[in-house]
Amino acid sequence: MRRFTFPLLTHVLLLLTASTVSANEHIQVSGFGNISLIKSGTEDFGYKYDLTKDAQYGGWAADTGSAFGLQLNAKVSQNVDFVIQGVFQDRIENDLDKTIAWAFLRYRVTPNFTARVGRIATPLYMLSEYRDVGFAYLWTKPITDFYANIPIASIDGADIAYIYQIGGGLLETRLFGGKSNITIETTSDPYDVTLSPVLGAKLSYSIDDWLFSSVAATTKVDEGNPSEGIIDSLQQDPALSQLWPEVGSISKDFNFIGSRFNYYSLGAFYETGDWTLQTELSYTDAEWPFFPDLAAGYLSVGKSFSNVTAFGFVSRAKSVGEFYELEAPSLQALQIPAIAGLYNFTKASLDTRVIDQESLGFGVRIDLDSQIALKGQIERTWINDGNAGAWLTTIEGISAVPPSYIDTYSISLTFVF
């Protein structure tokens, strides 16, 4: 049995859109689950599955990557259906709103033209429609270097998609817009952030054994400011501006609200015979000093032997472009311990957000049957020049020296029904 083919991917997506378990011909129920064990991180540098989860500071944990999802499809009419999906998993902040991953009304204007309104998956990357469905991809978890810094999984808004034939293949054009409410973890406290509007376009082209995708999206921060603590520290003493004149403009620069983020990605998936290849590249253009522009990418290759697939991947994430230059107080002002401490803490907070790392991973997937798979994976991540911004640190760990590498081990049992 081959591990991963376009028909299998289609089968998984059909399970999530037109289930095998039905109460009647108009209502169907489907689901998926990941039971995961992950060992990663150190005492000072926490492993980030993604920005919405608590970091893992060493040891084994079952909650970091485990998830369970249920989905209901209700057919309203011949051309209209309603889809709602709930994903139960550990998050920094868990409530009903964050549990609901999808909740949209879909109208098929024609067989090739579809419109959705409500809470929809954000089509920023190749795993957009099944990021939480571990059964749908080779690895035990989405590749960290690429996916950990993408917090947007869904938007409240709408999209339209049109599919047409071109050059012997199928081209899908999708336009989307809305807003996204997320909770992200920082070195101090988690913050609720609203991104609005989120606007973008995605092109997908499938031909023979290939699937290609490209995305361009932009958004602005409407609410929430994770740098609020540092800004308050810089503004708490009016006399500070006399000794450190630049502190006013620095505080203004650090304000998260109003910052714009532009995101671009390219992806390709290839499967033929017993071989699978998948790759993605992304670039995040950020206006906020605490998140320098980021380039990321990976290449994954798998080879199947009956129901067993061996796979390997390489990945990279690196902060690029111009970094924020923090204006230092005068030498005289730095003689004052309070000012020196505040400056050093602010600079360290900026430095700890710089990312430069690369990973090499290997794993095995065993398909126990057509709907259950057992996977194991080991990976080593090298941290270059001490730039460990992809790992979360505690306040005490900001001044800690990053290790040259960190190993991550993971096991998962994934299923769909």
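Figure 1. K318 is partly exposed, with a relative accessible area of 32% (buried is under 20%, exposed over 50%, and partly exposed in between, with a 1.4 Å probe and protein chains only). The model shown is predicted: local features need pLDDT of at least 70, side-chain atom pairs count only at pLDDT 80 or more, and totals for chains, interfaces and linings use all residues. Residues are numbered from 1 along each chain as its sequence is written, and side-chain values use heavy atoms, with hydrogens and water left out. D356 is buried, at 5% relative accessible area. D356 lies in strand 17 and K318 in strand 16, so their pairing ties together parts that are 38 residues apart in sequence. This pair is a salt bridge whose closest N and O atoms are 3.2 Å apart (a side-chain nitrogen of Lys or Arg within 4 Å of a carboxyl oxygen of Asp or Glu). Strands (E, at least two residues) and helices (H or I, at least four) are DSSP runs numbered from the N terminus.

**Figure 2. R316 and D356.** A salt bridge also joins R316 to D356, with 2.7 Å between the closest N and O atoms. R316 belongs to strand 16 (residues 308–319) and D356 to strand 17 (residues 355–369), so this contact ties together parts 40 residues apart in sequence. R316 is partly exposed, at 33% relative accessibility.

**Figure 3. R108 and D81.** The closest N and O atoms of the salt bridge between R108 and D81 are 3.7 Å apart. Strand 7 (residues 100–110) holds R108 and strand 6 (residues 80–89) holds D81, so the pair ties together parts that are 27 residues apart in sequence. R108 counts as partly exposed at 35% relative accessibility, whereas D81 counts as buried at 8%.

**Figure 4. A network of salt bridges.** R116, E129, D159, E172 and R174 are linked in a network of salt bridges. The count of salt bridges by this rule is 17.

**Figure 5. The second largest pocket.** This pocket holds about 830 Å³ of space (on a 1 Å grid over the protein atoms alone, a pocket is an open set of points with protein on both sides within 12 Å along at least five of seven lines, and lining residues have an atom within 4 Å of a point). Its lining has 41 residues, and L51, I184, W288, F291 and R353 lie nearest the centre. Among the elements that each supply at least two lining residues are strand 10 (169–184) and helix 7 (337–351). The lining divides into 24 nonpolar, 14 polar and three charged residues.

Note on methods: On a 1 Å grid over the protein atoms alone, a cavity is a set of points where a 1.4 Å probe fits but cannot get out, and a pocket is an open set with protein on both sides within 12 Å along at least five of seven lines; lining residues have an atom within 4 Å of a point. Grid points are joined across faces, edges and corners, and a volume is the space filled by probe spheres set on the points. Ala, Val, Leu, Ile, Met, Phe, Trp, Tyr, Cys and Pro count as nonpolar, Asp, Glu, Lys and Arg as charged, and the others, Gly among them, as polar.
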